[in-house]
Amino acid sequence: MVDNLFKVKQGYTLPSLPANQSLQCVANDFSEFFSSKTLALRNNLQNSGLPLLLQMSVTIDCVQCDVSFTKFSKVSENYVKNIIKQSKPKSCMLDPAPTNVIKQLVDILAGPLTRIINTSLTSGIFPSSLKKGVILPSFKRLELDFNMYSSYRPITNVAFLSKTLERVVSTQMTSYFIDNHLLAKRQSAYRSFYSTETALLRVFNDVLYAIDDHQEIVLVLLDLSSIFDTIDHTLLLERLSYRYGINGTVFEWFKSYLLDRTQSVKVKDALSNDKKLLFGFPQGSVLGPILFSLFFAPMEDVITAHGLSCMIYADDSQPYVILDPKKNRDSMLSKIELCIKDILIWCAKKVLLVILTRLKFSISRLGLPRIMKYPLR
């Protein structure tokens, strides 16, 4: 009755559940699986010895940022009101009141919430009470086995106030990056006016030019596994400071935001024990996608250092090269293979697991592209 009164959606339900003794056991098993999966991925990469034994064939220019972002600007009550009004009415079990109620009482609550937000921004401290997340396992695809925990994706819910504070930070960060031209040029995700459409149009346009010039394109499809869950906080903070000029109170705020986070898994009415989030950040957060883009940006540098073109959408990268089948095919194929090797080395050093498929587009002027598997050597 209370949920109906406040227009709160009924409890989250899964299409099926892995067989176990109780919902509590299922929740605890999910929690253990998600945590151990991340540790296993990192340990496998680190134990392989690749990061230590191999060196890249190109040098990436790691130029220190000549501008800096050291402190946030305080925000007004009206600014916070607008953010709350524009927010989706989705609630989290961590919220003291349903989001609909907060939106209805925004004129009363805006003052206290603004003071909390401004205190966090000026002190460089992300509130400890907002560092908890609740994972709702999401079934990936209906054809998968529902008894396998690997068939579920961890979707994290965080408190409404956490998202509100993150939106304030996100707006100020994005303005800083845009004003100083610090964003990756070929990343087409998590940015205004960019999408899968812009990524596809860029690649498709280059394919059409190749058709007109009687040339071929070799395209590599790269996909990273569990990228949001495996990012190392220390490496991320170093990148924020050196490459992007995040220092002072802003740096301390992000350090506070990333460290000492906990998460639990909710399955119907059962909630698992809390586990520390040692790597990555919640998939349901506002800042997560932005931080990922900043961490992943050097991938573009690795590809362009080899003279290849590329387009990137989130963690999916498409390096490609246009070649003349009568002149430089062998040399260009060697170049793209060397690029793939360097990508794998870079990812291994950053403890990122890459899944890649290589395709060859044999293109003729009058016909459609003929797509064939091109084996890796």
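Colleague: Is Tyr257 buried or exposed?
Modeller: This is a predicted model, where local features need pLDDT of at least 70, side-chain atom pairs count only at pLDDT 80 or more, and totals for chains, interfaces and linings use all residues. Residues are numbered from 1 along each chain as its sequence is written, and side-chain values use heavy atoms, with hydrogens and water left out. Buried means under 20% relative accessible area, exposed over 50%, and partly exposed in between, with a 1.4 Å probe and protein chains only. Tyr257 has a relative accessible area of 0%, so Tyr257 is buried.

Colleague: In which helix is Tyr257 found?
Modeller: Helices are DSSP runs of H or I with at least four residues, strands are runs of E with at least two, and both are numbered from the N terminus. The run that holds Tyr257 covers residues 248-258. That helix is α11.

Colleague: Which residues does Tyr257 touch, not counting residues up to four places away in sequence?
Modeller: Contact means heavy atoms within 4.5 Å. With residues up to four places away left out, Tyr257 touches Phe126, Glu166, Ser285, Leu287 and Leu291.

Colleague: What separates the C-alpha atoms of Tyr257 and Ser128?
Modeller: Along the chain, Tyr257 and Ser128 are 129 residues apart. Their C-alpha atoms are separated by 8.7 Å.

Colleague: How many aromatic pairs are there?
Modeller: Rings of Phe, Tyr and Trp (its six-membered ring) pair if their centres lie within 6.5 Å; planes under 30 degrees apart count as stacked, over 60 as edge-to-face and the rest as tilted. Ring pairs link Phe69, Phe72, Phe126, Tyr176, Phe177, Tyr244, Trp253, Phe254 and Tyr257 into a cluster. By the ring rule, the count of aromatic pairs is 17.

Colleague: Where is Ser151?
Modeller: Ser151 is buried, with a relative accessible area of 4%. Its contacts beyond four places in sequence are Ser138, Phe139, Lys140, Leu144 and Asp145. Ser151 lies in the loop between β1 (132-139) and β2 (152-157).

Colleague: What separates the C-alpha atoms of Gly111 and Glu77?
Modeller: Gly111 is in helix α6 (residues 106-123) and is buried, with a relative accessible area of 8%. Glu77 is 34 residues away along the chain. The two C-alpha atoms are separated by 5.9 Å.

Colleague: What share of the chain is buried?
Modeller: The chain has 14 helices and 10 strands. Of its 377 residues, the buried share is 49%.
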